[in-house]
Every structure is written in structure tokens, then in C-alpha cells.
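Please look through the structure shown here.

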Amino acid sequence: SSDIITTTQNSFEARRDAIATVQERLGIPPPISKLALAIQPLYEEVQVRTHSLDTEDYCGLAYALLSCSTNNGILNEIRGKIQHVILDEYQDVSLCQHSL
């Protein structure tokens, strides 16, 4: 349970960094970027308080599970079952989803 919380907290930090990077690359005006980054900790606080996960949390947990060297058996089992992945609306894929 505490491992999941730690992974989720690390996911929050990574998400904040990713948000800042994407906003900078897309040229989102600094006031909007600052507002989004100011709201993010409040959103994360509500998630922790209510024991909630969103799709990016699930993605981060899946990535952590599959990228952990002690879980190579799980990764190899999944690789053995999946031959192709079809993506629709790839432009809407997050950095985490792309990494998976």
C-alpha cells in the first residue's frame, strides 16, 4: 500500500514536470501555465484524501510495474500475448501512454 502511494506521489511530480514542459513547448501563456500548475497540487491533494486515481495514475502505475527489473516475467508474459497495438487519436496520447 505504501509502495503504491510512493509511486503515485512520484507520478504526481513527474506529471507536474511534464505539464510544465508541454506548456512551454506549446507556447501556452505564462498566466495560464501558472494557474494550471497552481491548481495541480490541490487536485493531487483531493486525490490523496479521497484515495482516488485518474487515468494518468493508472498509466504511471502500469509503467512502474512493467519497467521494474524485478517484474521482467510480467513484461515478458505480456509481450508474448500482444502482437500489435492499434491506436486511434494518437495526438491525444500522453507521455506516459507513449512510454507504455
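Tyr58 is part of helix α3, residues 55-67; helices (H or I, at least four residues) and strands (E, at least two) are DSSP runs, numbered from the N terminus. The model is predicted: local features need pLDDT of at least 70 and side-chain atom pairs count only at pLDDT 80 or more, while totals for chains, interfaces and linings use all residues. Residues are numbered from 1 along each chain as its sequence is written, and side-chain values use heavy atoms, with hydrogens and water left out.

The C-alpha atom of Tyr58 is 10.0 Å from that of Gln97, a residue 39 positions away along the chain.

A disulfide is counted when a pair of cysteine sulfur atoms lies within 2.5 Å, and this rule gives one disulfide. Cys59 and Cys96 form the pair, with 2.5 Å from S to S. The link connects distant parts of the chain, since Cys59 sits in helix α3 and Cys96 in helix α5 (residues 95-99), 37 residues apart. The Cys59 and Cys96 link is left-handed, with -110 degrees about the S-S bond.

Relative accessible area sorts residues into buried (under 20%), exposed (over 50%) and partly exposed (in between), using a 1.4 Å probe and protein chains only.

| Residue | Relative accessible area | Class |
|---|---|---|
| Tyr58 | 51% | exposed |
| Cys59 | 6% | buried |
| Cys96 | 17% | buried |

The protein chain as a whole has five helices and zero strands, in the order α-α-α-α-α along the sequence. Of its 100 residues, 17% are buried.
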